[in-house]
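Colleague: Could you walk me through this model? I'd like to start with the surface and then move on to the contacts.
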Amino acid sequence: MKEFNEAQSTNDYLTGELILARQANDILIENNRRLEKLLVKAIRDLQDAGRLLDALSNSVNDLTNLVTGQVIKR
């Protein structure tokens with residue numbers, strides 16, 4: 001029968017846990033990269049949406065002024 005070696009068993013356990021922790025860390029790093037890319041895209045989309053809303057607001061104001069001007073002339 002093989003004698004139990006507590007130090008070796010502890011080392012084997014900790015080595016296994018370290019491997020699992022590194023794998024989990026690699027997954028988290030990749031997920032963070034994906035999230036960063038999505039956040040950058042979301043920020044750009046929101047900036048574009050803001051510009052489009054400004055343009056729409058200007059168009060509505062121009063149209064309102066045009067219609068109001070025609071009504072006043074009549």
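Modeller: The accessible surface of the protein comes to about 7200 Å², of which 60% belongs to carbon and sulfur atoms; such areas come from the Shrake-Rupley method with a 1.4 Å probe, and for residues only the protein chains shown count as cover. This is a predicted model, where local features need pLDDT of at least 70 and side-chain atom pairs count only at pLDDT 80 or more, while totals for chains, interfaces and linings use all residues. Residues are numbered from 1 along each chain as its sequence is written, and side-chain values use heavy atoms, with hydrogens and water left out.

Colleague: What share of the residues is buried?
Modeller: Buried residues make up 0% of the 74 in the protein, where buried means under 20% relative accessible area, exposed over 50% and partly exposed in between, with a 1.4 Å probe and protein chains only.

Colleague: Where is Phe-4 placed, and is Phe-4 buried or exposed?
Modeller: Phe-4 sits in the segment before helix H1 (6–73), and Phe-4 counts as exposed because its relative accessibility is 62%. The C-alpha atoms of Phe-4 and Asn-65, which are 61 residues apart along the chain, are separated by 90 Å.

Colleague: Switching to contacts, how many salt bridges does a search of the whole structure find?
Modeller: The search finds four, a salt bridge being a side-chain nitrogen of Lys or Arg within 4 Å of a carboxyl oxygen of Asp or Glu. One of them joins Asp-45 and Lys-41 at 2.9 Å, N to O, and these two are separated by about one helical turn because they are four residues apart in helix H1.

Colleague: How accessible are those two, Asp-45 and Lys-41?
Modeller: Asp-45 is partly exposed, with a relative accessible area of 38%, and Lys-41 also counts as partly exposed, at 48%.

Colleague: Which residue does Asp-48 meet in a salt bridge?
Modeller: Asp-48 meets Arg-51 at 2.4 Å, N to O, and both lie in helix H1, three residues apart, about one turn of the helix. Elsewhere, salt bridges that share partners join Glu-30, Arg-33 and Arg-34 into one network, in which the closest N and O atoms of Glu-30 and Arg-34 are 3.7 Å apart.
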